[in-house]
Each structure stands twice: as C-alpha cells, then as structure tokens.
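This report describes the salt bridges of one protein model. Please examine the sequence and the structure before reading on.

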Amino acid sequence: MTTTITGAAGINRVADGADMPAGSVLQVISTTYATNTQTTSTTKIPVGSACSITPSATTSKILVSISGVVRWGNNDGGYVSIFKDVAGAGYVELETFSRHTNYQNHSTGGYNQGQHITLTYLDSPNTTNVVNYKMGISSWGGTAEWLPNNANGDRCVIILQEIAG
C-alpha cells in the first residue's frame, strides 16, 4: 500500500475507518506505579495497580509486558504471574511463570536483594470491553513483596499493546 503525504504539515494520523493490516500496533497504554505490596498468601494473588485497555475489535490481541522488582523473605520463594479482569468480572490468572527464589542471608537472616522480573504474554481477550491486567505474586510460606518503590528507586511498569488480528 502506498501512502502519499502532501502539504507542509504532513499528516498526523490514519484516517478514521482505515483498516490496519494484521500485526499492526493499534494502541499502546502504559501504567507506572510505586506502591509496595506484601503478601503471605501461598496462592497467587493480583497486586499493585492495574493497566487497562479497551480493544477496538474482538479479533485483537493484547501484548502484555510487566516489569518490576519482587523479593521473598529468608529461605522463601514463590511464583509470579499475570492476572486479567474483563469488564469488572473479577481477576483470573492468565499465566504462571517459573518460581523465583532468593537464598538465605546467613549473616542476618533478613531479606535478600529483590529480583527484577519481566513478564511478557500475548493475550486474546475476544472482547471490546475494558480489560485490566495486574502482576500476581505468591509466597511458599513467608512473605512475598512486590517492590516498585523500594529504596533504590525501582518502579513497576505495565505496557499493553493492542495488535490487529
């Protein structure tokens, strides 16, 4: 397809109603937040702020990318996952990623440094209703902490990209 740009100002958007080819990025939404969350749950639970997107078509896919810091207490570990909520129906787990562990700090018995976690998932929500995504964490028996606002200035970012189906 050829696109002709005319005029001194050029163009700044695709005309309404134009069909973008499959695989095109239709919209990008991001949320950055800095609220720590702790849990002792051995069941994965959604934590932190949600990032919301409203797909333009039921055939669209959503590329979910989540990045942030997680840490577990002394001799503990847990799982990380991605949760989804469609139109306020309640969060369901989309995907569990491998367990992550921090090893015991033998000198102090306290927390070890957090692990930077990056999760990526391609979702097919099959809806044009609002879809909310959150990070999920669990602990094997101690305390798990989602640390987007620790002393080192780490932040959590969730990026959602709608991909044309």
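Strands are DSSP runs of E with at least two residues, and helices are runs of H or I with at least four residues, both numbered from the N terminus. K84 is placed in strand β5. The model is predicted, so that local features need pLDDT of at least 70 and side-chain atom pairs count only at pLDDT 80 or more, while totals for chains, interfaces and linings use all residues. Residues are numbered from 1 along each chain as its sequence is written, and side-chain values use heavy atoms, without hydrogens and water.

Side chains of opposite charge can pair when their charged atoms come close. With a salt bridge defined as a side-chain nitrogen of Lys or Arg within 4 Å of a carboxyl oxygen of Asp or Glu, the count is two.

| Salt bridge | N to O distance |
|---|---|
| E93 and K44 | 3.9 Å |
| D123 and K84 | 3.2 Å |

E93 belongs to strand β6 (residues 92-101) and K44 to the loop between β2 (37-39) and β3 (45-53), so their pairing ties together parts 49 residues apart in sequence. Relative accessibility is classed as buried (under 20%), exposed (over 50%) or partly exposed (in between), using a 1.4 Å probe and protein chains only. E93 is partly exposed at 33%, and K44 is partly exposed at 23%.

D123 lies in strand β7 (residues 115-123) and K84 in strand β5 (residues 77-86); the pair therefore ties together parts 39 residues apart in sequence. Both D123 and K84 are buried, K84 having a relative accessible area of 12%.
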